[in-house]
Amino acid sequence: MDSVELAAALERLVRLFRQLTTGRDLSLTAAATLATLERTGPRRLTELAVQEGVTQPAMTQLVARLHEGGLVERTADPADGRVVRVGISDAGRTALAVRRSARADRLAALLAALDPA
């Protein structure tokens with residue numbers, strides 16, 4: 001498989017991945033941010049924005065929405081009380097687990113419908 005075929009296959013896979021998401025799900029950016037926090041622990045907003053490839057104002061807005069939804073917690077940085085660190089909450093972990101489980105169920109249903117050949 002050459003690089004063009006690989007790129008096309010990856011595009012189809014991304015489309016499938018997006019189709020597994022329902023309208024009730026978190027946005028891809030919100031889910032990716034929660035997954036980063038779950039994996040890496042609490043982070044400064046600026047670090048999180050860089051990690052997720054978005055601007056700091058966009059991350060500030062996203063974190064505000066996630067905080068309002070109870071999915072993240074904000075705490076003062078122990079090294080500098082003026083700085084806010086963002087961490088995933090228990091509700092955020094639960095939301096990610098539910099999202100992953102629902103996607104796995106939808107993917108399993110799609111795979112079950114495939115012809116074994």
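Me: Is Arg100 buried, partly exposed or exposed?
Reply: Arg100 is partly exposed, with a relative accessible area of 43%. Buried means under 20% relative accessible area, exposed means over 50%, and partly exposed is in between (1.4 Å probe, protein chains only).

Me: Before I go on, what kind of model is this, and how are residues numbered?
Reply: This is a predicted model, where local features need pLDDT of at least 70, side-chain atom pairs count only at pLDDT 80 or more, and totals for chains, interfaces and linings use all residues. Residues are numbered from 1 along each chain as its sequence is written, and side-chain values use heavy atoms, with hydrogens and water left out.

Me: Back to Arg100. Which residue does Arg100 form a salt bridge with?
Reply: Glu38, and the closest N and O atoms are 2.9 Å apart. A salt bridge here is a side-chain nitrogen of Lys or Arg within 4 Å of a carboxyl oxygen of Asp or Glu.

Me: Which parts does that pair tie together?
Reply: Arg100 lies in helix 5 (residues 90-112) and Glu38 in helix 2, so the pair ties together parts that are 62 residues apart in sequence. Helices (H or I, at least four residues) and strands (E, at least two) are DSSP runs, numbered from the N terminus. Glu38 is partly exposed, at 31% relative accessible area.

Me: How many salt bridges are there by this rule?
Reply: The count comes to 5. One of them joins the side chains of Arg82 and Asp80, at 2.9 Å from N to O. Arg82 is exposed, with a relative accessible area of 75%.

Me: New topic. In what order do the strands sit in the sheet?
Reply: The order is 1-3-2, in an open sheet of 3 strands with antiparallel pairing. Two strands pair if DSSP finds at least two bridges between them.

Me: Which strands stand at the edges?
Reply: Strand 1 (43-44) and strand 2 (72-77) do; each has a single partner strand, so one side of each is left without a neighbour in the sheet.

Me: How do strand 2 and strand 3 pair?
Reply: They are antiparallel, over 6 bridges, with strand 3 covering residues 80-88. A hairpin through 2 residues joins strand 2 to strand 3. Thr75 stands opposite Arg85 in strand 3, and Asp77 stands opposite Asp80 in strand 3.

Me: Which strands does helix 2 lie across?
Reply: Helix 2 (residues 28-40) lies across strand 1, strand 2 and strand 3, and runs at about 105 degrees to strand 3. Axes are lines fitted to C-alpha atoms, for helices over the stretch in contact (heavy atoms within 4.5 Å). Angles run from 0 to 180 degrees between N-to-C directions.

Me: And helix 4?
Reply: Helix 4 (residues 56-68) lies across strand 2 and strand 3, at about 120 degrees to strand 2.

Me: You brought up Asp77. Is Asp77 buried or exposed?
Reply: Asp77 counts as buried, at 7% relative accessibility.

Me: What is Asp77 in contact with?
Reply: Leaving aside its neighbours within four places in sequence, Asp77 is in contact with Arg44, Val83 and Arg85. Arg44 forms a salt bridge with Asp77, with the closest N and O atoms 3.2 Å apart. That pair links distant parts of the chain, with Arg44 in strand 1 and Asp77 in strand 2, 33 residues apart.

Me: Which residues are linked in a network of salt bridges?
Reply: Arg44, Asp77 and Arg85. Arg44 counts as partly exposed, at 29% relative accessibility.
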